[in-house]
Amino acid sequence: RSLCRERGECFSDDPIGIISFRYQVGIMKQKDYTISIYTENNVGLLNRISAIFLKRHINIRSVTSSESEIPNIYRFIIVVNVDGEQIIKLVKQIEKQIEVIAAFYHTDEETIYLETALYKVNSKSLFEERQIQNIIKESRANMVTVKPEYFVIEKTGWREETEDLYQKLKKYGLLQFVRSGRISVSKSSMEISKHLKNNENE
């Protein structure tokens with residue numbers, strides 16, 4: 001018998017089922033997936049998309065939205081931790097929404113992704129603690145503004161990097177902290193233009 005993956009890869013004869021077993025284990029293993037949703041900018045769409053995750057008791061780890069590379073088309077980036085079977089069902093359900101033009105999913109290995117964080121710190125620490133200047137330099141963070149009462153640092157990188165800087169700055173009087181959701185681009189083409197042409201032809 002043969003076993004075909006969702007993405008079209010097929011295995012030849014597997015008489016003892018070893019490949020089939022490995023495939024099933026891989027599908028059921030949970031990992032981070034980035035879902036990219038191209039859509040019209042309609043009111044209430046985010047609520048309906050969120051309801052899809054809520055119904056399945058899936059926590060959204062990160063969500064961002066912005067204009068896309070196509071005029072008047074917006075893009076949602078949603079990060080979830082699910083298994084292979086769940087992500088396939090999620091994306092299919094999302095694509096059923098009328099305003100959604102297309103939805104794609106990728107693993108971390110298939111995307112280039114970053115997050116941005118802002119740290120507001122007590123200015124007293126900057127002038128009295130030399131170590132904090134070394135921390136900023138070593139983390140390759142950027143100084144956004146310096147005021148008599150506080151200074152603000154910006155750090156763009158992976159979640160682990162922004163989290164590491166957060167942990168290091170906490171003891172120096174961290175006044176505020178905020179981190180964006182993930183922004184990402186896929187390494188391979190998503191061919192969204194082809195989906196738009198298909199929609200126009202229908």
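## Ground rules and overall make-up

Two strands pair if DSSP finds at least two bridges between them. Strands (E, at least two residues) and helices (H or I, at least four) are DSSP runs, numbered from the N terminus. What you're looking at is a predicted model, where local features need pLDDT of at least 70 and side-chain atom pairs count only at pLDDT 80 or more, while totals for chains, interfaces and linings use all residues. Residues are numbered from 1 along each chain as its sequence is written, and side-chain values use heavy atoms, with hydrogens and water left out.

The protein has 7 helices and 11 strands. Of its 202 residues, 39% are buried (under 20% relative accessible area; exposed is over 50%, partly exposed in between; 1.4 Å probe, protein chains only). Take the contacts (heavy atoms within 4.5 Å) with a separation of 6 or more: 71% of them join residues 24 or more positions apart.

## The open sheet and its helices

Four strands make an open sheet, lined up as β4-β5-β3-β6 with antiparallel pairing. At the edges sit β4 (60-67) and β6 (100-107), each pairing on one side only. On average, neighbouring strands of this sheet are turned by 20° against each other, direction ignored (axes are lines fitted to C-alpha atoms, for helices over the stretch in contact; angles run from 0 to 180 degrees between N-to-C directions).

Inside the sheet, β3 (residues 31-39) runs antiparallel to β5 (residues 74-82), and 9 bridges join the two. Lys 31 faces Val 82 in β5 across that pairing. Helix α2 (residues 45-55) packs on the sheet and touches β3, β4, β5 and β6, with its direction about 15° from that of β5. Helix α3 (residues 84-94) packs on the sheet too, touching β3, β5 and β6, and its direction makes about 165° with that of β6.

## β7 and its partners

Next up is β7, which spans residues 111-122. It pairs with β9 (residues 150-157) in the antiparallel sense over 8 bridges, and Val 121 has Phe 151 as its bridge partner in β9. With β10, β7 also runs antiparallel, joined by 5 bridges; there, Leu 118 is opposite Val 178. Then there's β11 (residues 183-186), paired antiparallel with β7 over 4 bridges, with Tyr 113 standing opposite Ser 184.

Two charges show up over rings on this part of the chain (NZ of Lys or CZ of Arg within 6 Å of the ring centre and within 35 degrees of the ring normal). The charged end of Lys 120 sits over the ring of Tyr 150, 4.3 Å from its centre. Arg 182, meanwhile, lies over the face of Tyr 113, at 3.9 Å from the ring centre.

## The aromatic cluster

Searching the whole structure turns up 4 aromatic pairs (rings of Phe, Tyr and Trp, using the six-membered ring of Trp, with centres within 6.5 Å; planes under 30 degrees apart are stacked, over 60 edge-to-face, the rest tilted). One of them is Tyr 119 with Phe 177: the centres are 5.1 Å apart and the planes stand at 45°, so this pair is tilted. It links distant parts of the chain, as Tyr 119 belongs to β7 and Phe 177 to β10 (residues 174-179), 58 residues apart. Tyr 119 is buried at a relative accessible area of 0%, whereas Phe 177 is partly exposed at 29%.

Phe 177 has another ring partner in Tyr 166, and with centres 4.7 Å apart and planes at 45°, that pair is tilted as well. Tyr 166 lies in helix α6 (residues 159-169) and Phe 177 in β10, so the pair ties together parts that are 11 residues apart in sequence. Tyr 166 is partly exposed, with 22% relative accessible area. Put together, ring pairs link Tyr 119, Tyr 166 and Phe 177 into a cluster.

## α5 against α6

The axes of α5 (residues 130-139) and α6 come within 11 Å and cross at roughly 180°. That makes the two helices roughly antiparallel (over 145 degrees; under 35 is roughly parallel, 65 to 115 roughly perpendicular, the rest oblique). On the α5 side the contact is made by Ile 132, Ile 135 and Ser 139, and on the α6 side by Leu 165, Lys 168 and Leu 169.

What does Leu 165 touch, leaving aside its neighbours within four places in sequence? The list is Tyr 119, Ile 135, Ser 139, Ala 141 and Lys 155. Leu 165 is buried, at 1% relative accessibility. Its C-alpha atom is 8.9 Å from that of Ala 141, 24 residues apart along the chain.
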